[in-house]
Amino acid sequence: MVLTAAKPGRLAFEKAIVSDKPGLAVRLCAQRLLGAVIETSTSLDGLTDDDHGHPQYRALEMRDRSLVRAILSSALRHRGTVSAFLARLLDKPLPDNAKSLNHLLHVAAAQILFLDIPDHSAVDLAVEAARADPRNSRFASLANALLRRMAREKADLLPTLLATTRDVPDWFWNELRSQYGERKAEHILAMHRVEAPVDFTVKSNSANWAGLLGGMVLPDGTVRVEKLDVSVPSLPGFSEGAWWVQDAAASIPAMLLGDINGKTALDLCAAPGGKTAQMVQAGADVTAVDLSASRLKRLAGNLARLGLSAKTWQGNAFDFAPHEKFDAVLLDAPCSSTGTIRRHPDVAWTKSPQDVAKLAKLQFDLLEKAAGFVKPGGVLVFSNCSLLAVEGEALARRAAGGITALEPYPVAREDLPGLETLVSTEGWLRSTPADMVLGRPEISGMDGFFAARFRVR
């Protein structure tokens, strides 16, 4: 039985839905959240936060929440392929006002094409979801026929589509191709289709923790595990604070500060605190600054678990006015996060060229402000998790020529043993998901990161 609120329309999924059909609430939730990502550019992490996420998501049991995340991750990771498959099956495109139906079909297609869910279950629940929503009830028969045909034809059609489609917007593909060349750009997109491994920054004895966690040691000492079958807090070493989860690429910028033992260091835009922890672990007296009070609280909790401590300051970095300058400053600036699409496939569909341009301006302004926090002769590292030159190489060139307090302090290849190929001829760090090839895609790659190092005059 399905009971719905009397008032349909744009907020139809705010209604209360009670059903004895197992799995229907999960599909309705996935459909609603996919719509929020695509239509309003809402972060998937925010929507699926266990404490503050969307009410429809938080109403589910934990196991059902995991399934929602799996469906949405697949639907977004393969959005271009799913769209192409649906276009092959439809005689004509869906009406412009059928956005909700489109989300429903993408949710079902992700299950049929990419998840280990019986086809008949994915189809039946999609039809039930259509009937439960006044906007889609008249399309229930269409959804049934379309999805059953998809299930029949996927073995023949899917390989061809995977070989000919790209699962990112055209503007992003054009940027990648322009910056990296077609071959490497294609490699980056191929890696986006593969779920990323889990990386751990360990305090010491990487080889020992690799054995305990069932992983391998990367050149920078990071421990990499292909896939976790249990929750992170249940892993050995979590309660003891022996490690923290941090992509291998994200661990590199703090290394570029050099020997900071006994020195003062500032971590700007610091939350959730992985780089702060590295700096404290390296022996620095660290101050961590972040705009968000909740994120700074999370940082403090993470440091407490690790048995580390740092001073914190909550507020806008432009308002930060320390009494003394610092020996070293790390600015991991807010960015488009396009280097993390493999881990966060919603990013490809929630960012636009206009967003990137605004973020690049903010980054430059923050870098100029950060230069004023560094003692003469001190080190400033600028970094972000973008794949785009406007937020990386182009910005570093602008800073070198336009911020008078800064002079380039190039990274040398010997600064990163085992990762030398990530150092550009200009002395910048550039990593992509196509780097660090370790045999199989499932254990290869890293987040896209850029870092430039400066000295302050």
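A crossing of two helices is called left-handed if the near helix is turned anticlockwise from the far one by less than a right angle, and right-handed if it is turned clockwise. Helices here are DSSP runs of type H or I with at least four residues, strands are E runs of at least two, and both are numbered from the N terminus. With those terms in place, I shall present the structure.

Good morning. The structure is a predicted model, in which local features need pLDDT of at least 70 and side-chain atom pairs count only at pLDDT 80 or more, whereas totals for chains, interfaces and linings use all residues. Residues are numbered from 1 along each chain as its sequence is written, and side-chain values use heavy atoms, with hydrogens and water left out.

I begin with confidence. The pLDDT, which is the predictor's confidence in each residue on a scale from 0 to 100, averages 94 for the protein, and 96% of the residues score at least 70. Over residues 1-18 the pLDDT stays under 50. For that stretch the model has 33 contacts beyond four places in sequence, a contact meaning heavy atoms within 4.5 Å.

Let us turn to helix H7, residues 119-132.

Which residues of H7 are buried? Buried means under 20% relative accessible area, exposed means over 50%, and partly exposed lies in between, using a 1.4 Å probe and protein chains only. In H7 the buried residues are Ala122, Val123, Leu125, Ala126, Val127, Ala129, Ala130 and Ala132. They pack against helix H1 (24-40), helix H6 (99-114) and helix H8 (140-164). As a general point, an α-helix has 3.6 residues a turn, so residues three or four places apart point the same way.

Next, the helix pairs. Axes are lines fitted to C-alpha atoms, for helices over the stretch in contact, and angles run from 0 to 180 degrees between N-to-C directions. Angles under 35 degrees count as roughly parallel, over 145 as roughly antiparallel, 65 to 115 as roughly perpendicular, and the rest as oblique.

The axes of H7 and H8 come within 9 Å and cross at roughly 165°. That makes H7 roughly antiparallel to H8. H7 passes H8 in a right-handed crossing. On the H7 side the contact is made by Asp119, Val123, Asp124, Ala126, Val127, Ala130 and Arg131, and on the H8 side by Ala140, Asn144, Leu147, Arg148, Ala151 and Lys154.

For H6 and H7, the axes come within 9 Å and cross at roughly 170°, and the two helices are therefore roughly antiparallel to each other. From H6, Leu104, Ala108, Gln111 and Ile112 take part; their partners in H7 include Ala122, Val123 and Ala126.

How do H6 and H8 pack? Their axes are 10 Å apart, at an angle of about 50°. That makes H6 oblique to H8, and their crossing is right-handed. Among the H6 residues that meet H8 are Leu101, Leu105 and Phe114, and among the H8 residues that meet H6 are Leu142, Met150 and Leu162.

Two single residues come next. Val82 is found in helix H5, residues 79-89, and is buried with a relative accessible area of 0%. Leaving aside residues up to four places away in sequence, Val82 touches His106, Ala109, Leu113 and Phe114. Val374 is found in strand E9, residues 374-384, and is buried at 1% relative accessible area.

Finally, some backbone details. Ser41 has a positive phi of about 55° although it is not a glycine. Ser41 sits in the loop between H1 and helix H2 (44-47). Is Ser41 buried or partly exposed? Its relative accessible area is 40%, so Ser41 is partly exposed. Met436 is not a glycine either, and has a positive phi of about 55°; at 14% relative accessibility, Met436 counts as buried. Met436 is found in the loop between strand E11 (429-431) and strand E12 (449-456). A cis peptide bond, with omega about 10°, joins Ala271 and Pro272. Pro272 lies in the loop between strand E5 (264-268) and helix H13 (274-281). Thank you for your attention.
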